[in-house]
Amino acid sequence: MKIKADYTSAPQWKELAVKSNLPEELKCLDELAHNMWWAWNYEAREMWRSLDEELYEEVNHNPVLLLERLSYQRKEEIVQDKQIMKDVKNVYKLFRKYMDVKPNTKRPSVAYFCMEYGLNQVLKIYSGGLGMLAGDYLKEASDSNVDMCAVGFLYRFGYFTQSLSMDGQQIANYEAQNFNSLPIERQLDAEGNPLVVDVPYMNYQVHAYVWRVNVGRISLYLLDTDNDMNSEFDKPITHALYGGDWENRLKQEILLGIGGMLTLKKLGIKKDIYHCNEGHAALCNLQRLCDYIREGLSFNEAIELVRASGLYTCHTPVPAGHDYFDEGLFGKYMGGYPEQLGISWDEFIGMGRTNPEDKNEKFSMSTFAINTCQEVNGVSKLHGWVSQKMFAPIWKGYFPEENHVGYVTNGVHFPSWAASEWRQLYAKHFDKNHMSDQSNEKIWHAIYNVDDEEIWATRMALKKKLTEYIRSKFRENWLKNQGDPSRVLSLLEKINPNALMIGFCRRFATYKRAHLLFTDLDRLSKIVNNPERPVQFLFAGKAHPADGAGQGLIKKIYEISQRPEFLGKIIFLEDYDFRLARRLVSGVDIWMNTPTRPLEASGTSGEKAEMNGVVNLSVLDGWWLEGYREGAGWALTEKRTYQNQGYQDQLDAATIYGLLENEIVPLYYDRNEKGFSEGWIKVIKNSIATIAPHYTMKRQLDNYYDKFYNKEAKRFKELSENDNRLAKEIAFWKETVAERWDAVNVVSKESDMPEEGPVSGVPYTLRFVVDEQGLDDAIGLELVTVKNTKDGEERIGAIRPFEVVKKEGNLYTFEAKLQSSHAGSFKAAVRMFPKNDKLPHRQDFAYVKWFEY
């Protein structure tokens with residue numbers, strides 16, 4: 001018998017988590033490492049760096065991993081180092097002082113649901129703007145000391161890391177996270193075992209572990225299905241952000257909404273307001289409906305309570321951006337819910353349709369969110385109007401400008417995004433109440449008293465930091481991926497902190513028009529190659545792996561950047577993440593944004609730049625439409641000159657070139673004897689003083705309380721008091737109106753209006769007699785006039801209410817005394833609607849009948 005040369009059994013690996021053994025004097029560091037408070041407190045970050053600067057960089061600023069990898073010898077050295085120990089004690093003292101403040105119980109409590117959270121590069125559970133916004137929101141909720149918790153996913157792979165091939169093709173790399181080395185903690189049950197939430201899917205359950213991220217004073221609960229209790233089909237639910245097919249997306253949204261509510265229920269958490277940040281979380285309201293119905297309420301009673309405590313925030317400006325599911329797929333997982341709700345399947349799926357009876361229409365999570373939330377909002381003033389138009393078909397009796405969709409313009413968390421150099425400058429020169437009163441523009445006006453040289457020195461320090469960061473981070477990758485080493489070294493040397501630096505860094509979707517700058521390459525070449533006035537453009541951003549056009553844009557920009565005339569002048573920085581973003585929004589001179597109007601819902605990267613004296617050059621879209629101030633940045637008009645997008649792109653590109661050539665570049669290089677431009681510093685000061693205070697997350701959070709949370713919490717309290725008495729009364733009233741609505745009719749109408757029609761300045765009276773079918777003054781009438789805008793769209797001209805002047809049994813006489821103030825062509829009709837002063841707005845019960853004028 002021949003003896004085999006190799007006979008080895010497969011290794012039986014077992015994952016072990018060896019905890020770091022910290023000396024008693026350093027035990028507090030474990031607590032600090034497991035609270036994301038350090039992510040927005042530069043004193044803490046500097047303290048972590050001092051423990052071992054080289055290792056701190058190696059672990060990508062992850063303090064949990066830093067403590068794991070510190071050698072025992074180094075820990076002993078730290079204990080003996082008086083300065084480091086003093087810093088440790090001071091930082092921990094700051095942390096405990098912060099944490100020991102009790103939540104403000106005078107403000108409504110909130111449960112916040114979102115698919116992603118951008119807290120720090122260490123925790124890869126975000127992809128872009130939505131996640132950054134949500135992460136900033138939690139940080140500010142902590143700083144403002146409100147009672148909030150949040151729900152999301154702990155992704156095994158998160159969003160991809162990006163690299164570029166030698167020809168500029170995006171390569172998406174999915175890297176597994178080691179949960180034991182992250183600043184998170186397992187949520188335990190009462191017996192000290194890992195908490196497991198069982199989430200119903202069809203005829204089986206998916207089992208999710210719960211992890212907790214301590215975001216200062218706020219708890220963020222993350223669900224994780226990548227465990228051995230689940231099948232191979234369900235483990236991947238929390239593998240990747242926005243990954244997989246539509247079935248996996250539906251499974252994710254079931255987990256976020258239904259699983260999220262079951263998690264809070266298992267933890268014994270009840271909040272006043274349930275906030276869906278995008279439609280992905282809409283099914284949290286389905287679970288809440290089921291819970292109320294199990295307590296004995298009818299569907300109509302339950303939905304009054306769910307709606308009164310629900311808020312849906314939309315971040316998407318086009319219908320195609322929302323999630324829609326085929327009835328077959330949706331029914332596969334949700335078919336059992338109508339029975340629990342006590343309604344039919346058609347009624348249930350109709351809650352997710354603009355036209356409930358259209359069986360060809362897919363189920364929209366956004367429409368379901370709207371139908372189960374009292375309040376809806378967009379994320380800028382313009383986007384609020386775009387959302388009013390987008391969702392108007394849901395309430396067919398009302399014009400877009402009448403509906404209740406509101407807005408809160410997005411902001412950014414000031415302590416996270418203002419570089420430490422700027423925070424120290426602000427602390428030195430601003431009122432001591434600045435941090436607690438960030439929206440007070442008067443405080444920010446103190447920037448005008450800061451010496452120009454100090455502003456310039458701060459800007460230059462941050463430009464040098466950015467330059468050094470690029471050289472250190474990208475040197476190795478570029479040498480590996482871009483071939484000729486001499487070419488790479490030449491490129492690195494050409495990165496010039498003394499040049500005018502312009503950043504274009506964002507998600508590479510085609511509507512953001514990253515290509516605009518390259519419309520006229522000869523003109524661009526002259527701008528960037530002026531030896532007396534050098535200009536450099538830094539590009540960064542990822543395209544979704546399924547977005548071929550977005551990836552094509554990246555490839556095109558990379559190819560242009562490799563041309564001899566643009567080498568070192570146009571630079572693409574791959575793998576745009578949290579750390580790179582912080583360096584860019586504080587290190588460039590101008591932040592450029594060129595979206596197709598009006599497709600930028602808000603945008604927040606430009607707001608982050610504002611906090612750092614970086615000036616915006618942008619289309620008047622999203623937040624910049626509100627934020628722009630003359631003399632504090634540059635703007636391209638929001639008005640379209642051409643319907644043809646190609647022509648519009650050419651015009652916008654020419655406008656950008658003109659601004660650069662004639663205004664921006666000359667102003668930046670108009671240097672005085674001290675080496676800086678006084679005119680440029682003036683623009684920076686104007687920008688900081690008049691724009692920055694209005695775009696902090698503090699202002700955004702306060703807006704949500706003032707516009708939505710407070711009034712919803714008050715109404716929910718009224719509805720739920722005395723065993724939900726008012727909720728039951730309103731539900732009964734709606735049922736009665738709905739039952740009799742078809743029979744309510746106009747018995748007669750009369751008018752003393754001239755036969756030829758109304759004449760301006762001449763009064764007349766309209767009188768309608770309505771049979772209310774026993775509803776007892778539950779009907780309202782109003783005259784609606786409509787005019788056409790110059791774009792051909794119909795808009796409300798005026799609404800004139802009728803008054804009840806007589807009642808005989810079920811017959812109500814309505815009268816309106818009218819007088820036209822302007823001559824011209826209008827359309828007019830009389831609108832009938834149910835009225836009840838206990839309703840929050842008309843769209844809450846949008847029954848409408850129209851009658852001829």
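This is a predicted model: local features need pLDDT of at least 70, side-chain atom pairs count only at pLDDT 80 or more; totals for chains, interfaces and linings use all residues.
Biologist: Which strand pairs with E27 over eight bridges?
Modeller: That is E23, residues 779-788, and the pairing is antiparallel. As one example, Lys827 in E27 stands opposite Val786.

Biologist: And how many bridges join E27 to E28?
Modeller: Four, again in the antiparallel sense. E28 covers residues 849-852. Glu852 in E28 is the bridge partner of Ala829.

Biologist: What about the loop between E27 and E28? Where does Asp844 reach from there?
Modeller: Asp844 makes a salt bridge with Lys734, at 2.7 Å from N to O. Lys734 lies in helix H28, so the pair ties together parts that are 110 residues apart in sequence.

Biologist: Are those two buried or exposed?
Modeller: Asp844 and Lys734 are both buried.

Biologist: Why call H10 largely enclosed?
Modeller: Nine of its 10 residues, in the run 299-308, are buried, so the rest of the structure largely encloses it.

Biologist: Compare H20. Which residues are buried there?
Modeller: Val488, Leu491 and Leu492, in a helix spanning 485-494. They cover an arc of only 100 degrees around the axis, which puts them on the same side of H20.

Biologist: Why would that spacing work in a helix?
Modeller: An α-helix has 3.6 residues a turn, so residues three or four places apart point the same way.

Biologist: Back to charges. How many salt bridges does the structure hold?
Modeller: It holds 55. One is Arg212 with Glu185, where the closest N and O atoms are 2.5 Å apart. Arg212 lies in strand E7 (204-215) and Glu185 in strand E5 (185-186), so this pair ties together parts 27 residues apart in sequence.

Biologist: What does Arg459 pair with?
Modeller: Asp589, in a salt bridge of 3.5 Å, N to O. Arg459 is in helix H19, and Asp589 is in the loop between helix H23 and strand E18, 130 residues apart. Arg459 and Asp589 are both buried.

Biologist: Which residues are linked in a network of salt bridges?
Modeller: Glu46, Arg49, Glu57 and Arg579.

Biologist: Switching to rings. How many aromatic pairs?
Modeller: There are 47. Take Phe348 and Phe368: their ring centres are 6.4 Å apart and their planes at 85 degrees, so the pair is edge-to-face. Phe348 is in helix H13 and Phe368 in helix H14, 20 residues apart. Phe348 is buried at 0% relative accessible area, and Phe368 is buried at 0% too.

Biologist: Which residues do ring pairs link into a cluster?
Modeller: Tyr112, Tyr117, Tyr137, Tyr704, Tyr705, Phe708 and Tyr709.

Note on methods. Residues are numbered from 1 along each chain as its sequence is written. Side-chain values use heavy atoms; hydrogens and water are left out. Buried means under 20% relative accessible area, exposed over 50%, partly exposed in between (1.4 Å probe, protein chains only). Helices (H or I, at least four residues) and strands (E, at least two) are DSSP runs, numbered from the N terminus. Two strands pair if DSSP finds at least two bridges between them. The arc is that of the directions from the helix axis to the C-beta atoms. A salt bridge is a side-chain nitrogen of Lys or Arg within 4 Å of a carboxyl oxygen of Asp or Glu. Rings of Phe, Tyr and Trp (its six-membered ring) pair if their centres lie within 6.5 Å; planes under 30 degrees apart count as stacked, over 60 as edge-to-face and the rest as tilted.
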